[in-house]
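These are my notebook entries on a structure that I had not examined before. I begin with the terms and then record what I looked up.

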Amino acid sequence: EAYLLEALKIDANDSSINYNLACVYSLLNDIEKSFYYLEKSSKKSPPFAAIYDLDLSNVRELPKFNLLMKSYFTDKELSAFQNYKKGLDYERQEDNKNAIKFHKKAIKLLKKSNYHSMLAEIHEGLALIYFDLGKNSKYFKEMKKVMKYFEKNGDKEELARCYHHLGYWYYSLNKDYKKSVPSYYRALELYKELQDSVKIAETLSSFSLTTNIKGMDVYKDGKE
């Protein structure tokens with residue numbers, strides 16, 4: 001709490017800081033303060049995560065919470081978020097069948113919307129369920145959809161993360177060099193564009209350990 005309040009002195013309108021404070025105060029059962037910061041956070045970024053975030057369960061009981069949500073989202077969008085919330089609840093209960101069912105319902109309702117980051121999140125949730133079930137082909141299929149939405153959003157950081165993970169799993173699960181190596185290459189290219197030396201080092205290390213190829217040598221060869 002103290003750290004977040006201090007951070008607000010630097011940027012009082014930062015959506016992430018205000019949202020995290022809303023979560024903190026909800027957990028402390030200070031509902032009015034929680035709603036105040038949630039409302040502040042929503043001025044820059046529509047607060048769709050508030051509909052399913054466990055930390056904000058208390059705030060969702062307020063009548064004005066529903067009014068706030070309706071001021072940002074259509075009934076169709078709200079229905080999608082509620083379906084996603086149900087899917088997450090079933091995931092926690094390890095009821096994968098119903099989790100998949102409600103994730104898919106949410107995707108269908110949001111498919112024509114511009115909530116690309118939300119769609120990416122739901123598809124990634126589906127991918128991880130399929131992964132846990134050992135349905136590898138469905139995992140890869142869903143992850144490609146995740147990446148499609150990150151591309152639409154221009155989110156290079158998340159896209160690089162996905163390419164890194166795919167590079168690892170293409171080889172670890174299928175021993176598929178032809179897909180693994182290009183995925184690692186693309187992750188490295190994106191991290192280079194982002195000038196993220198830490199992530200470049202992590203990707204090269206994973207590359208080397210996964211494929212038994214010297215990551216730095218491959219990276220250099222690929223750039224030439």
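I take a contact, or touch, to mean heavy atoms within 4.5 Å. I note that this is a predicted model, in which local features need pLDDT of at least 70 and side-chain atom pairs count only at pLDDT 80 or more, while totals for chains, interfaces and linings use all residues. Residues are numbered from 1 along each chain as its sequence is written, and side-chain values use heavy atoms, with hydrogens and water left out.

**Entry 1: the whole chain**

I looked up the secondary structure and found 12 helices and 0 strands; helices (H or I, at least four residues) and strands (E, at least two) are DSSP runs, numbered from the N terminus. I recorded a box of roughly 60 × 45 × 30 Å for the C-alpha atoms, taken along the principal axes.

I then looked up burial, where buried means under 20% relative accessible area, exposed over 50%, and partly exposed in between (1.4 Å probe, protein chains only). Of the 224 residues, 44% count as buried. The accessible surface comes to about 12600 Å², and carbon and sulfur atoms hold 50% of it; such areas come from the Shrake-Rupley method with a 1.4 Å probe, and for residues only the protein chains shown count as cover. Among contacts with a separation of 6 or more, 49% are between residues 24 or more positions apart.

**Entry 2: the core**

I define a nonpolar core as a set of buried Ala, Val, Leu, Ile, Met, Phe, Trp, Tyr and Cys residues joined through side-chain atoms within 4.5 Å. The largest one has 65 residues, and L38, F65 and M118 have the most contacts inside it. Helix α7 gives the most to this core, with 8 residues. I also looked up F65: not counting residues up to four places away in sequence, F65 touches F35, L38, A50, I51, V59 and R60.

**Entry 3: helix α2**

I note that the expected span is 1.5 Å times one less than the number of residues. The buried residues of α2 include I17, Y19, L21 and Y25. Their cover includes α1 (2–8) and α3 (31–41).

What caps the N-terminal end of α2? I found D14 there, with a side-chain oxygen 3.0 Å from the backbone nitrogen of S16. Just after α2, N29 takes a positive phi of about 70 degrees.

**Entry 4: helix α5**

Helix α5 (residues 75–92) has 18 residues and reaches 26 Å, close to the 26 Å expected. Its buried residues pack against α4 (63–72), α6 (96–110) and α7 (116–132). After α5 comes E94, with a positive phi near 60 degrees.

Leaving aside residues up to four places away in sequence, N83 touches F102, K105, A106 and L109.

D89 also belongs to α5, but D89 is partly exposed, at 24%. A polar contact of 2.8 Å joins the side chains of D89 and R92; the term means a pair of N or O atoms within 3.5 Å, where within protein one must be able to donate a hydrogen and the other to accept it, and residues adjacent in sequence count only if both atoms are side-chain atoms. The C-alpha atoms of D89 and L54, 35 residues apart along the chain, are separated by 9.8 Å.
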